Each structure stands twice: as structure tokens, then as C-alpha cells.
Amino acid sequence: MKRIIVGISGASGVELGHRVLEALHALPGIETHLVISEGARDIFRRESDADIADVEALADHVYDNHDMGAAISSGSYMTDGMLVAPCSMKSLAAIACAFDDDLLVRAADVCRKEGRKVVLVPRECPLSPAHLRNMLQVAEDGYTVLPPVLSFYNGAKTTDEQVDHIVGKILMQFGLPYDKFHPWEG
């Protein structure tokens, strides 16, 4: 059983987190732990047709972002890592500084300090120097920075196909397959 924490923070593109949860839900032997920031809840209402209750139903465990006593806030609670998709610049800055003011940031910090994989999917365009410095900081600290960059080698013709590609790249970081991902084959 793989235990993966999924964070969804308040950047445009919450659908990325939703689609990753769908993909993980479809895989056998995966236990998911979900934490959604308040900003992400607002973005779901503004930008997505998804009902937040349906998104939460895809996870095995759902936590309130203010529950600092949650299992995932402790390094002694074993997980295989965490992903934050999308990762807002606010969350990225907090993660870069280990400013553990909420559960999403605390869980990322705990995973990293325990040597576990943490994948951040930053969503902002264009990037300011501060954003770039924070990305460099987290990369130097061992986080994987995986911006949702468009790909053209895979023949994607629709937004859904582009999102599938990003979901596949995220899952690949955890050694997990995704049947809608078409890797480069030369």
C-alpha cells in the first residue's frame, strides 16, 4: 500500500489536483490523504464545475487545513510523500521558508524533513523574481518543482489531453502508471 498526501492550494488550476486524485483513486493499492486550502476551496467555486464534496470523496482521508494535530502533521506517520497541485505562490513561499502555519505546508515540511518525495506544481504566469527565488530555494531543499508546462511532442490536441500529460508527469515522480500519459519514445 502506498500512502500519498495530496495538497490542493489556492492557485488557478485546481482541476490539476482533482484529476490527480481521480487517477490515484483508480489505482489499486494507493491510500490518499487530502488537504485543501481555503483559497483552493474558493477557486473550486469560481473556476471548476466539480463539486468539492465529490473531490473529497475521491480521497481515503480528508483533513481540515487548520488541523495541526492531523496524522499527516507528524513525521512518525509514515507516507510515501506528497504532491501539491496546484501550488500557489503563497504556499510555495511558506514551504520555502518552512512557515508551517497550516496543515498543507506542515505536511510538505514533514515529508521533506523525513526524506520523502514532495512534488510541487507551481501555477503562476509570468513569474516574478521572488517566485523564481522561492522555486530555487525549494529545489535546493530537495523538493521536486514540476510546473504544468504544455507539451507538444505527445500530440495533445485538447486541454484535457494536456492536463492528462501533467497528471502523468506527476504520477511518474512516484513511480505510478497513468494510462492517459504518452511519454516521449524517441
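This is a predicted model: local features need pLDDT of at least 70, side-chain atom pairs count only at pLDDT 80 or more; totals for chains, interfaces and linings use all residues.
Me: What makes D102 a cap for the N-terminal end of α5?
Reply: A side-chain oxygen of D102 lies 3.3 Å from the backbone nitrogen of L104. A polar contact needs N or O atoms within 3.5 Å.

Me: Why is α5 called largely enclosed by the rest of the structure?
Reply: Buried means under 20% relative accessible area. Eight of the 11 residues of α5 (residues 103-113) are buried, so the helix is largely enclosed. Among them are L103, L104, V105 and C111. The cover over the buried residues includes β1 (2-8), β4 (81-87) and α4 (89-97).

Me: What makes the crossing of α1 and α7, and which hand does it have?
Reply: α1 passes α7 in a right-handed crossing. Helix α1 (residues 14-26) and helix α7 (residues 159-172) pack at about 65°. Their axes are 10 Å apart. On the α1 side the contact includes L16, V20 and L24; on the α7 side, V163, V167 and L171. By class, the contact has nine nonpolar, no polar and three charged residues.

Me: Which residues touch the most other members of the largest nonpolar core?
Reply: I8, L21, L24, L83, I170, L171 and L176 do, in a core of 34 residues. α1 supplies the largest share, six residues.

Me: What is L24 in contact with, beyond its neighbours within four places in sequence?
Reply: I4, V6, I30, T32, L83, L171 and L176.

Terms used:
Residues are numbered from 1 along each chain as its sequence is written. Side-chain values use heavy atoms; hydrogens and water are left out. Axes are lines fitted to C-alpha atoms, for helices over the stretch in contact, and angles run from 0 to 180 degrees between N-to-C directions. Helices (H or I, at least four residues) and strands (E, at least two) are DSSP runs, numbered from the N terminus. A crossing is left-handed if the near helix is turned anticlockwise from the far one by less than a right angle, and right-handed if clockwise. Contact means heavy atoms within 4.5 Å. Ala, Val, Leu, Ile, Met, Phe, Trp, Tyr, Cys and Pro count as nonpolar, Asp, Glu, Lys and Arg as charged, and the others, Gly among them, as polar. Buried means under 20% relative accessible area, exposed over 50%, partly exposed in between (1.4 Å probe, protein chains only). A polar contact is a pair of N or O atoms within 3.5 Å; within protein, one must be able to donate a hydrogen and the other to accept it, and residues adjacent in sequence count only if both atoms are side-chain atoms. A nonpolar core is a set of buried Ala, Val, Leu, Ile, Met, Phe, Trp, Tyr and Cys residues joined through side-chain atoms within 4.5 Å.
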